[in-house]
Amino acid sequence: MPIITAPQDFNVNDLYVDLRPSTGIPLFLKCEGFNFAGSVKLKAARRMILAAEQDGVLGPGSVIVESSSGNLGVALSVIAADRGHRFVCVTDPRCNEASANLMRALGARVLVVREPDAAGGYLGSRIALVRELCADERYFWPNQYANPNNWRAHYEETAPAVHRQFPDLDVLFVGAGTTGTLMGCARYFREHRPQVAVVAVDAVGSVTFGGRPARRMIPGLGTSARPELLDASLVDDVVHVREEDTVRTAHRLSARGLLFGGSTGTVVAGAEGWLAEHPLDREPVAVALSPDFGERYLDTLYEDSWLREHFGIAAPGPDLIESLPT
Ligand SMILES: Cc1ncc(COP(=O)(O)O)c(C=O)c1O
């Protein structure tokens, strides 16, 4: 096992769950949550901060400020603490308490924007506050929505890891938030194995690929403003998943001991639908990226009253246990 001196130097990049035996879905799920930040965003955060230090835009006395729905904020908190930077995270009420508490525990300051933007989401409001803070020149904004180091992290790490493990890959499913993961993987496979279909998975209600804005409760995927990083011409197909299906799929996985975050539910639901609609004459080699695990969503995605309030359903666990003979 490796011995490290900085938390961002450890990341499991080669663990996959074969979902077929437990769920019947012919899919390998790449787990991106095994690191000190607990999510795929450690890669982008690390690349953006190290580049800013090298370029001299981030130094002693600087304050990092970023808009995040949770995971990038946690990742930046980890790296800022290690590198001796201060960090302010601008977030919104959809950011779960667990992520905000993690950031605070790591020494970050969390500002919550409560006024929705014109599209009914919070992204615009969050960015407006970040810009306001950046009027003070001590602030440095990595800007995950436009920073090429976001997608480069996945071009250099995520996609090559998938390619090494699955040289015969047919299709890769990637959830779209900032589209950093998606663009890095799409660019890599265009260049190295263009026959791979790179399929973007987004939430119904996201405007990223031109959809109509609507309420979304699951953080991580989807936007209320088109991400600047996105070049849709690099993507082979796009699937939109209803949040009800996200929730059901996440619970289907947790019922098998696989407690993943909501966006994994979205990606797996999207992949299952797409694979059913695009049969090959042989078993496809299909991989989906799982951005994080479920522990930070225990108060939302896996909590009865939250599920009832927002989706009119209950978590399957307690009902199942209650129905067991005593
Ligand atoms: C849980 C979760 N899933 C998916 C994503 C999307 O990743 P990307 O921003 O690279 O599109 C994020 C990004 O914050 C996330 O936190």
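**Entry 1: helix 3 and helix 4**

I looked up how helix 3 and helix 4 cross, and I noted a left-handed crossing, a word used when the near helix is turned anticlockwise from the far one by less than a right angle, while clockwise counts as right-handed. The model is a predicted one, in which local features need pLDDT of at least 70 and side-chain atom pairs count only at pLDDT 80 or more, whereas totals for chains, interfaces and linings use all residues. Residues are numbered from 1 along each chain as its sequence is written, and side-chain values use heavy atoms, with hydrogens and water left out.

I noted that helices (H or I, at least four residues) and strands (E, at least two) are DSSP runs, numbered from the N terminus. The axes of helix 3 (residues 71-83) and helix 4 (residues 97-105) come within 9 Å and cross at roughly 15°; axes are lines fitted to C-alpha atoms, for helices over the stretch in contact, and angles run from 0 to 180 degrees between N-to-C directions. Helix 3 and helix 4 are therefore roughly parallel to each other, given that angles under 35 degrees count as roughly parallel, over 145 as roughly antiparallel, 65 to 115 as roughly perpendicular and the rest as oblique.

For the contact itself (heavy atoms within 4.5 Å), I found Gly73, Val74 and Ser77 of helix 3 meeting Ser99, Leu102 and Met103 of helix 4. By class, this contact of helix 3 with helix 4 has three nonpolar, three polar and no charged residues; Ala, Val, Leu, Ile, Met, Phe, Trp, Tyr, Cys and Pro count as nonpolar, Asp, Glu, Lys and Arg as charged, and the others, Gly among them, as polar.

**Entry 2: helix 6 and helix 7**

I then turned to helix 6 (residues 148-165) and helix 7 (residues 180-192), whose axes come within 7 Å and cross at roughly 55°. That angle makes helix 6 oblique to helix 7, and helix 6 passes helix 7 in a right-handed crossing. By class, I noted nine nonpolar, eight polar and two charged residues in the contact of helix 6 with helix 7. I also saw that helix 7 lies across strand 7 (171-175), strand 8 (197-203) and strand 10 (286-290), running at about 160° to strand 7.

I traced an open sheet of six strands in the order 1-2-10-7-8-9, with mixed pairing; two strands pair if DSSP finds at least two bridges between them. Strand 1 (16-18) and strand 9 (237-241) are the edge strands, each pairing on one side only, and the twist averages 25° from one strand to the next.

Strand 1 and strand 2 (residues 28-31) run antiparallel and are joined by three bridges; here Tyr16 has Lys30 as its bridge partner, and Asp18 stands opposite Phe28. Strand 2 pairs with strand 10 in the parallel sense over four bridges, and there the bridge partner of Lys30 is Leu289.

In helix 5 (residues 123-133), I listed Leu123, Ser125, Arg126, Ile127, Val130 and Leu133 as the buried residues, where buried means under 20% relative accessible area, exposed over 50% and partly exposed in between (1.4 Å probe, protein chains only). These buried residues of helix 5 pack against strand 3 (63-67), strand 4 (86-91), strand 5 (109-112) and strand 6 (139-140).

Leaving aside its neighbours within four places in sequence, Glu115 is in contact with Tyr122 and Ser125.
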